[in-house]
Amino acid sequence: GEKLGIVPALREPARMITAGRLMLWFENTLIMSITVCLLSVLLNGMAGYGFAKFTFPGHRMLFWIVIATIMIPGQVTVIPLFLLFTRGLGMHDSFWAIVLPQIAAPVGIFLMRQYIQSLPSQLEDAARIDGCTEIGIFWRVIVPLSKPILGVWAIFTFIGAWKSFLWPLIITSDQNLYVLEVGLKTLQFNAGPRNMGVVMAASLLASLPMIAIFFAFQ
């Protein structure tokens, strides 16, 4: 069969399917990473603005509680999160089940709060006198002045989302929803030593966005 070329002909559809899956996983990872990056920058920026510029009962205690969650290992929250998204929300094998747990980050809130706190309050007071709402102040005053920290957090968030493995592995069982890290590990186990070229090519594909970000933002 090998000499007659029958077996290679039978293997060709599998190779085509593998290539299609790789591009699908790449698209899944790209869409997921961009979504996580945008939502994380927006929500953490708004939370940091609230903690930095607003005074409400218990705001200091609430901020330190948020900061204290940094000490909780991510592995500890995996089971509660899994039960919440599967039994509570019924979101197993869904795009938003991968995205939502990665949006809010105590480190991001802390960085945003510390940076925004250093901005002069006179600018906000002038905007309020001109009739600007709090949302308008955030978009027209805080965001333009906070571009450095927003850009830094966007880079960190995108890289973290692109390299995420444990949570997407747990919350998804449909291969059409796999991200690259999960798909590569699956491919590594299924391809075998004869198809290591496919695994290496897929690993190169997964590293291209990280290389581009490094050279673009160094």
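**Two helix pairs**

Helices here are DSSP runs (H or I, at least four residues), numbered from the N terminus. Axes are lines fitted to C-alpha atoms over the stretch in contact, and angles run from 0 to 180 degrees between N-to-C directions.

This is a predicted model, where local features need pLDDT of at least 70 and side-chain atom pairs count only at pLDDT 80 or more, while totals for chains, interfaces and linings use all residues. Residues are numbered from 1 along each chain as its sequence is written, and side-chain values use heavy atoms, leaving out hydrogens and water.

Which residues of helix 2 and helix 5 make the contact? Phe-63, Val-66 and Ile-67 come from helix 2, and Pro-106, Ile-109, Phe-110, Arg-113 and Gln-114 from helix 5 (contact means heavy atoms within 4.5 Å).

Now turn to helix 8 (residues 147–162) and helix 11 (residues 196–217), which pack at about 165 degrees with axes 11 Å apart. Helix 8 and helix 11 are therefore roughly antiparallel to each other. Here Ile-155, Phe-158, Ile-159 and Trp-162 of helix 8 meet Ala-206, Pro-209, Met-210, Ile-213 and Phe-217 of helix 11.

Terms used: Parallel < 35°, antiparallel > 145°, perpendicular 65-115°, else oblique.
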